[in-house]
Amino acid sequence: MKQSLFLPSGCRLEFWAAGDGFFRIDIDGKAVWQAMSFASHPEFFTYHHREACEVTIVTNSPDAILWAYAYQPHIVNETGITVLEFSEKEILQRTGAEIEEWLRSDTDRPALHFSPIRHWMNDPVGLCKIGELWHLFYQFHPCGSDWGPMHWGHATSSDLIKWLHMPVFLHPEQNLWRLGATGGAFSGNAFRDRDGRLMFFYTERLPAYDLFKGYREIQKIARPDRWMIKAEGIVTVLEDRPEGVEHDFRDPKVWWDDTAGAYRMVLGASLHGDPAVLLYGSGDLLEWSYLGPLYRAPSHFRAQGARAVECPDFFPIDGKWVLIMGFVGHLEPESGRHNLLYGLVGDFEDDRFIPGSGTLQLLDFGTDFYAMQSFSAAGRQIAFAWLFNWEFRKPVGSPYSGELSLPRELFLDDHDRICMKPAKESESAFTLFLTESLQSAVYNLPAQPVDIRLQGDLSDIEIVATQSGDLSFVVSVREQKLSVRLPQDDGSIQYGVATPILTDLRIIHDRGIIEIFADGCAVAGTRRNYVNTIPDLISIEAIRPTHVSFFVASGDWGE
Ligand code: FRU
């Protein structure tokens, strides 16, 4: 394959390749850059183009190029990357709106929820707002649709819904593919020091040869370059684990603590085998000392398979402190659900967390809402989570894996329950389609993302969505239990939650993603359905009068 491309001055080309093949860039028939042969494992290549001109790209093996894009550093914040897709015939180039259109033409891809263009994504990380721009980073494997050596992917947005895809921000410290290892740049948070300097705290899992034990996790700081496109000045700030912590020691969240007059960090860990959150302190962000466990899970979690806390989130809100944790490996025996996300509300005094009640709040009864990360922006606590639970996967051959929730805003209600409502930004994507009172009715809906809001005495109600007559989802309230069922369920796992008599219920559905909110947003349930994802008929059966409003995705978001 040979193709001419115009490259502007300062343009950078980045790609990952593996397998038999070479790659060459010619100018006026002369090679100016080449990879003479690729290795059998993926490698990262980068080419910096100096003066604007036409180049010819020559490769004998387009299939060996696993992920490629070009960008101009000084304007990529406005344009996003240009994705380069190599085939035997040509290099397809797509930028900005062309990427949006291309992604939207995949009817298996949710329209309003963020997903990577290609390959594997998991946790949202490093979330922050700079000026008017929201930055989303995410755990990314650039060379395959399965979890692998972790990088930080990056996207920006001015409205939290439409995203511009950016260059990969952070790479693992070593070429893990070459070592036949996993690990890399794991999850972490954005943080501004007292002088307002932005940095990212994150975990590096050093080359690991076993997914469950014997690995080493260290904590690092990375700073963004002047364009926010590459991490630089990376330093390791914490290597030693406290006694009782063997290998799970990750996912830092850092803040300045006014009372202590010092920095604080929480880490997810396994402490003597129990899932735990550890507290660290520092005066300068570089030297950290262990202040003790902030939380240790009751022993039944370990007995039920929980190995460690992942992605702890700890933040003040409405006069209290909230701790949010995922217990990896945990299997809840009554329902069969695993890897649930829990929260606790309490006070944080003298470096101790004092929960208001000993009972953990289940944050999402649907399970596909994990590794949630929240951050504070203009007085709001905004959160995203990864919509995945390892139970179901995208069908083999899908171009990508992994989606994020819509942005949610967190708050506490009068009972100090953690509530999550869709952030107001997601509302702007919908317009009112129909509103009426009913007891039972059937609706033909446009094949678009829909937001269904129900109000009234919802003590006995069933909402069934179908696509050409086949089940897409069922949400029901029966005997004070709210539950959701998808066509892929075989009944071995129960996705439900006990509720009081509900008077409000909201269901957002976007090509297979269902996000349910009820009881003033104190109850949420999120799931990803991989079959019959575009319902065209919704039937609602209620035994009492109910008010329903349908909002459908409009404008750009519709068909
Ligand atoms: C949670 C998690 C984190 C870790 C990251 C690795 O999904 O396992 O604990 O940092 O993903 O990709």
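Tutor: Rings of Phe, Tyr and Trp (its six-membered ring) are said to pair if their centres lie within 6.5 Å, and the planes then decide the class: under 30 degrees apart is stacked, over 60 is edge-to-face, and the rest are tilted. By ring pairs of this kind, Phe-15, Phe-23, Trp-33, Phe-38, Phe-45, Tyr-47 and Phe-86 are linked into a cluster. The model is a predicted one, in which local features need pLDDT of at least 70 and side-chain atom pairs count only at pLDDT 80 or more, while totals for chains, interfaces and linings use all residues. Residues are numbered from 1 along each chain as its sequence is written, and side-chain values use heavy atoms, with hydrogens and water left out.

Student: Why is the pair of Phe-301 and Phe-327 called edge-to-face?

Tutor: A search of the whole structure finds 49 aromatic pairs. In the pair of Phe-301 and Phe-327 the ring centres are 4.6 Å apart, which lies within 6.5 Å, and the planes stand at 70 degrees, which is over 60, so the pair is edge-to-face.

Student: How do you know whether Phe-301 is buried or exposed?

Tutor: Buried means under 20% relative accessible area, exposed over 50%, and partly exposed in between, with a 1.4 Å probe and protein chains only. The relative accessible area of Phe-301 is 4%, so Phe-301 is buried. Phe-327, at 0% relative accessibility, likewise counts as buried.

Student: What makes the sulfur atoms of Cys-11 and Cys-53 too far apart for a bond?

Tutor: A disulfide is a pair of cysteine sulfur atoms within 2.5 Å. The cysteine sulfur closest to that of Cys-11 is in Cys-53, at 10 Å, and is therefore too far for a bond. By this rule the count of disulfides comes to zero. Cys-11 itself, at 4% relative accessibility, counts as buried.

Student: What makes Arg-527 a charge that lies over the face of Tyr-495?

Tutor: A charge sits over a ring if NZ of Lys or CZ of Arg is within 6 Å of the ring centre and within 35 degrees of the ring normal. Arg-527 lies over the face of Tyr-495 at 3.4 Å from the ring centre, and the charged end of Arg-453 sits over the ring of Phe-551, 4.2 Å from its centre.
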